[in-house]
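Take a look at the model below. Keep the sequence beside it as you read.

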Amino acid sequence: MNKYIRAIGFNFLFLAISTIAFLVLTPLAITIMGEEFYGLWVILSSIMLFSNVGTLGIGTIVNKFSAEETGEENKKFYGSIFSAGVLMIFPMALLTMVVLWLTSGFIARSNDLDPALEENFKLAINVCAFGILPQYLTKIPQGFLLSQLRNEKVRLMDLLTSIMPWIGGVVISTIEKNLVWIAIWYVCLQLFLLFGYIHFIRDDIDWFVRPNQALFKRMRSFSVFMFIESTAISLFQQFDRVVVGTVLGPVYAGVYSVGTSIGLRLTLLSGQITEVMVPYSSQKGSQKANDELYGTIRLVSKVLSLV
């Protein structure tokens, strides 16, 4: 049990660090970018985060199935999971990229901008679309690391994911308020994160295993439920900002994002605990240790009620 408590501890540590960074960087970004440009940047970021609905919850799926394996042929099994994940994600990434390219003009026109800024916003969305594939692929090694309770590595990468777009946006805005340059920074960051995750798991899986057909079918069936969950979460956490920007304008989207970001961090408190329950429940379920599993679920439920 100590390894699970340790994983939860890392989750809370990095949540605290990211919250402090958010409180410091938000007023700095608003001051340097200005209200309208900051609002557009928030909308652009929300669009990219909302596009994660196309991942089909692959991170949680890989987390679940990787945690179930306790045999000697782990590397081959993990390799098969990785291959199946890529097979599921690749066409969805391409589809999401095409949808962004086709709708970028409509999204830009909906925000009632001057022609130059509208064109800049549209081009930024088109550039960001190139970051979809690495953004999707990172979910696979991320899920694997969580299944092995190597949360410190995942949280470190999550910290970079949450802080570096802010730092890049602020630095670029001091030079030139150009959404395209920020979009290029986003794509480079996604590539860096993907290579970072691959580096972390390079010795843990067999990279040349073809996907197992039975395993692929199980993962695909599970993805239906995860798609519904991830869509609901994205609608709650990101899509509302896009709607506010479209209806009220980018300035109000920026104001709205500050309040909702603070509120969201309160709900993230429980997520730091329940995330670790995925590999725990999967492993105990595969071992048929139901009494121990149910006892832990009751304990976690009590703790979350207090939180």
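## Ground rules

This is a predicted model: local features need pLDDT of at least 70, side-chain atom pairs count only at pLDDT 80 or more, and totals for chains, interfaces and linings use all residues. Residues are numbered from 1 along each chain as its sequence is written, and side-chain values use heavy atoms, leaving out hydrogens and water.

## Helix H1

Helices here are DSSP runs of H or I with at least four residues, numbered from the N terminus. Helix H1 covers residues 2-33, which is 32 residues. The expected span is 1.5 Å times one less than the number of residues.

H1 bends by about 25° at Leu 25. The bend is the angle between axes fitted to the seven residues ending there and the seven starting there. A proline, Pro 27, follows within four residues. After H1 comes Gly 34, with a positive phi near 90°.

Buried means under 20% relative accessible area, exposed over 50%, and partly exposed in between (1.4 Å probe, protein chains only). The buried residues of H1 include Tyr 4, Ala 7, Asn 11, Phe 14 and Ser 18. An α-helix has 3.6 residues a turn, so residues three or four places apart point the same way.

## Nonpolar cores

A nonpolar core is a set of buried Ala, Val, Leu, Ile, Met, Phe, Trp, Tyr and Cys residues joined through side-chain atoms within 4.5 Å. The largest one has 72 residues. Trp 41, Ile 47, Ile 58, Phe 121, Leu 179 and Met 219 touch the most other members. A second, separate core has 9 residues, including Ala 7 and Tyr 280.

Contact means heavy atoms within 4.5 Å. Leaving out residues up to four places away in sequence, Met 219 touches Ile 58, Ile 61, Val 62, Phe 65, Ile 81, Ala 84, Gly 85 and Met 88.

## Aromatic pairs

Rings of Phe, Tyr and Trp (its six-membered ring) pair if their centres lie within 6.5 Å; planes under 30 degrees apart count as stacked, over 60 as edge-to-face and the rest as tilted. The count is 7 aromatic pairs. Why is the pair of Tyr 38 and Trp 166 tilted? Their planes are at 50°, so they count as tilted, with centres 6.3 Å apart. Tyr 38 lies in helix H2 and Trp 166 in helix H8, so the pair ties together parts 128 residues apart in sequence. Both residues are buried. Ring pairs also link Tyr 38, Trp 41 and Trp 166 into a cluster.

## Cysteines

A disulfide is a pair of cysteine sulfur atoms within 2.5 Å. How many does the whole structure hold? The search finds 0. Cys 128 is in no disulfide. The closest cysteine sulfur to that of Cys 188 is in Cys 128, 11 Å away, which is too far for a bond. Cys 128 is buried at 1% relative accessible area, while Cys 188 is partly exposed at 44%.

## Two single residues

Asn 178 sits in the loop between helix H8 and helix H9. Is Asn 178 buried or exposed? Asn 178 is buried, because its relative accessible area is 12%. Beyond its neighbours within four places in sequence, Asn 178 contacts Phe 37, Asn 120 and Ile 172.

Leu 306 belongs to helix H12. At 77% relative accessibility, Leu 306 is exposed. The C-alpha atoms of Leu 306 and Phe 192 are 39 Å apart.

Definitions and conventions:
Helix = DSSP H or I, 4+ residues; strand = E, 2+ residues; numbered from the N terminus.
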